[in-house]
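Subject: Structure handover

Hello,

Here is the structure I said I would pass on. My notes on it follow below.

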Amino acid sequence: MFPDDDAFETTKKLKPVALAKPAAGQCLCGKVRFEIDVPARWAWHDHSQASRRAHGAAYATYVGSWRKRFRITKGASELSHYEDAATKTVRSFCASCGTPIAYERARSPHMVNIPRALFSGRTGRQPLYHIAIEELQEWAYTGEPLVPLKGYPGVVWQRSKKKKKSDREGMF
């Protein structure tokens with residue numbers, strides 16, 4: 001009355017899950033190398049004063065990774081750290097070339113934030129978020145049209161906005 005157990009065997013074979021190759025990155029001099037498992041948790045642009053100063057740029061773009069998915073693969077002894085007790089953050093950087101490597105916050109103990117520019121390939125996340133946008137500097141580029149600078153290949157610039165002359169109203 002009951003069929004054999006063999007009749008209930010699964011006819012579909014389960015496909016093995018292919019793990020993506022880790023995203024690798026390094027500092028400027030190459031003494032510190034690291035990797036994260038992809039996809040990264042998230043990515044964003046940070047316009048805060050602290051990130052501007054730490055990176056010497058208009059803003060820093062970070063990729064967030066779970067700490068357990070982040071590995072230093074070379075040069076762990078080359079890392080130096082700066083701890084800001086007021087903000088409860090720690091920034092790690094290469095002691096040789098000064099490249100910022102990681103940014104960690106006490107309020108997110110399971111996350112490590114890595115500058116996006118240090119990765120040589122894809123991380124599985126695009127920066128869709130802006131943090132501290134209210135601190136955006138007036139001199140920062142925000143996507144205005146750029147034009148080639150005559151005589152300087154590879155250089156583009158933003159033309160100043162000319163005020164349109166009125167239609168000569170009231171001329172007569």
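Buried residues make up 27% of the 172 residues in the protein. Please keep in mind that this is a predicted model. The protein exposes about 13,300 Å², and carbon and sulfur atoms supply 55% of that area.

Overall layout. The protein has 1 helix and 12 strands. Read from the N terminus, the order is β-β-β-α-β-β-β-β-β-β-β-β-β. Of the contacts with a separation of 6 or more, 55% join residues 24 or more positions apart.

In soluble globular proteins, nonpolar side chains tend to be buried together. Here the largest nonpolar core has 18 residues, and Phe34, Ile36, Ile101, Ile114 and Phe119 touch the most other members. Strand S2 (33-36), strand S8 (100-105) and strand S9 (111-115) each give this core at least two residues. To see one member in its setting, select isoleucine 114: beyond its neighbours within four places in sequence, it is in contact with Phe34, Ile36, Thr61, Tyr62, Val63, Ser65, Phe70, Ile101 and Phe119.

Two hairpins. Strand S6 (residues 79-84) and strand S7 (residues 89-94) run antiparallel and are joined by 6 bridges. Across this pairing, glutamate 83 stands opposite valine 90 in S7. The hairpin of S6 and S7 has 4 residues between the strands. S7 is also joined to S8, by 5 bridges, and these two strands run antiparallel. Here phenylalanine 93 stands opposite proline 100 in S8. The hairpin of S7 and S8 has 5 residues between the strands, and glycine 98 in its turn has a positive phi of about 85 degrees.

Aromatic rings. The whole structure contains 6 aromatic pairs. In one of them, the rings of tryptophan 42 and tryptophan 44 have centres 4.4 Å apart and planes at 25 degrees, so the pair is stacked. Are these two residues buried or exposed? Tryptophan 44 counts as buried because its relative accessibility is 0%, and buried means under 20%. Tryptophan 42, at 29%, is partly exposed.

Backbone points to check. Most residues other than glycine have a negative phi, and most peptide bonds are trans.

- The peptide bond from valine 38 to proline 39 is cis, with omega near 5 degrees. Proline 39 is in the loop between S2 and S3.
- Lysine 88 has a positive phi, near 55 degrees. Lysine 88 is in the loop between S6 and S7, and its relative accessibility of 58% makes it exposed.
- Alanine 132 has a positive phi, near 60 degrees. Alanine 132 lies in the loop between strand S10 (129-131) and strand S11 (147-148), and with a relative accessible area of 15% it is buried.

Serine 48 counts as buried, at 15% relative accessibility.

Regards

Methods. Residues numbered from 1 in each chain as written. Predicted model: local features only at pLDDT ≥ 70, side-chain atom pairs only at ≥ 80, totals over all residues. Heavy atoms only, no water. Buried < 20%, exposed > 50% of the residue type's maximum accessible area, 1.4 Å probe, protein only. Contact = heavy atoms within 4.5 Å. Areas by Shrake-Rupley, 256 points an atom, 1.4 Å probe, with all protein chains shown as cover. Core = buried A, V, L, I, M, F, W, Y, C linked by side-chain atoms within 4.5 Å. Pairing = 2+ DSSP bridges. Phe/Tyr/Trp six-rings, centres within 6.5 Å; stacked < 30°, edge-to-face > 60°.
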